[in-house]
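Subject: Handover of a structure and its ligand site

Dear colleague,

My findings follow it, with attention to the ligand and its surroundings.

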Amino acid sequence: MTPSPDLTIHEFADSQALATALAGRVAEALRAGLDERGFALLAVSGGRTPLGFFERLSQATLDWSRVQVTLVDERWVDEPDPRSNARLVREHLLRHAAAAATFVPLYTGAASPEEGQAEASRRVHALPLPFDAVVLGMGLDGHTASFFPSGDQLEAALDPNLPSGALPMRAPDAGEPRITLTLPTLLQTRQLFLHIEGEDKRQVLAQARSGQGEGAHYPVRAVLERSPVSVAVYWCP
Ligand code: 6PG
C-alpha cells in the first residue's frame, strides 16, 4: 500500500508557535463537536512532546464540561509514577478552563494490562465515537500510540477486522507494559493530528512515507495509509 498523499505538513519556527497553532486547531475541532453534537471527544498522546500544547489547550475558551478526554495509549503504571500519561494529562491539560473536562483513563489499577484490558475496552466502548480530534506523537523507531515495531500485539492492534477497543502491548523498547487504543479505534476521528518535533523525527516520517529501508517497518505507516481523514502533521525543528 502507498501512504495516502492526503497529508499536510504545518511547519513552525519553534515549539511555542507550534503549540499555540495546534491548540487553536484542536480547540476549533472541539467547538465544532460541541456545536453539532452537544459534546466533544478528544484523544491525546503521552510522552514529552505534548507539554506546551497541553498548556495552551487547557486555556482554550470552550465548554469543557461537555468534553471527554482520553489517551491513545498508556504506560501500565500507577498515576503517581512520573511515566504515567494520565498524570501528565491531569497536570498539564486538565487545568485552567479544561479542569472542567471529564477524563477517561485507560489505566485501571489492575496488576497488568492483560488483566485490565476488559475494563479499559469497556471504557473505550462507552465513548461517544467518533473522536472530534486525535493527536498522535511518534518515536524515532516509527512507533505511534503503542504500536511498537516489535510489539507483541502489533498485528492485532493494526488489524481492521478485530473488534475495536484497547489492547495490551509489550515491547523491549516500550519501557513498561502498555495499553493502546487499536488503530481502527483511533481512526474513528473527524480530525487526525501528528505532532512531531526535531529534524530526526521529520526524517523518520519521510522514511515512513517513502516505505524505503527501515521506513517499511515503521508502524506509523499504518496510520498514514489507513486514515480516512487527512493527516495534519505539526512539526518544528
Ligand atoms: C507514549 C506515547 C507515544 C509517544 C511517542 C513520542 O505514551 O509514549 O503516547 O506514542 O507519543 O513515544 O514520545 P515523545 O513525545 O516523548 O518523543
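For the classes used here, Ala, Val, Leu, Ile, Met, Phe, Trp, Tyr, Cys and Pro count as nonpolar, Asp, Glu, Lys and Arg count as charged, and the others, Gly among them, count as polar. On that basis, the shell around the ligand consists of two nonpolar, eight polar and five charged residues. Please note that the model is a predicted one.

The ligand has 15 residues around it, and those that come nearest are Thr49, Asp73, Asn85, His143 and Ala145.

For Asp73, a polar side-chain atom lies 2.4 Å from a ligand oxygen atom. For Lys201, a polar side-chain atom is 2.7 Å from an oxygen atom of the ligand. Arg48 contributes through its backbone, with an N or O atom at 2.8 Å from a ligand oxygen atom. On its own, the ligand has 410 Å² of accessible area, of which the protein covers 87%.

As to location, the ligand sits in the largest pocket, whose volume is about 330 Å³. The lining of this pocket comprises 28 residues, and Gly46, Gly47, Arg75, Met138 and His143 lie nearest its centre. By class, ten lining residues are nonpolar, eleven are polar and seven are charged. Among the secondary-structure elements, α2 (51–57), β4 (73–75) and β6 (133–136) each supply at least two residues of the lining.

Yours sincerely

Note on methods:
Residues are numbered from 1 along each chain as its sequence is written. This is a predicted model: local features need pLDDT of at least 70, side-chain atom pairs count only at pLDDT 80 or more; totals for chains, interfaces and linings use all residues. Side-chain values use heavy atoms; hydrogens and water are left out. A residue is near a molecule or strand if one of its heavy atoms lies within 4 Å of it. A polar contact is a pair of N or O atoms within 3.5 Å; within protein, one must be able to donate a hydrogen and the other to accept it, and residues adjacent in sequence count only if both atoms are side-chain atoms. Accessible areas come from the Shrake-Rupley method with a 1.4 Å probe; for residues, only the protein chains shown count as cover. On a 1 Å grid over the protein atoms alone, a cavity is a set of points where a 1.4 Å probe fits but cannot get out, and a pocket is an open set with protein on both sides within 12 Å along at least five of seven lines; lining residues have an atom within 4 Å of a point. A molecule sits in a cavity or pocket if more than half of its atoms lie within 2 Å of its grid points. Grid points are joined across faces, edges and corners, and a volume is the space filled by probe spheres set on the points. Helices (H or I, at least four residues) and strands (E, at least two) are DSSP runs, numbered from the N terminus.
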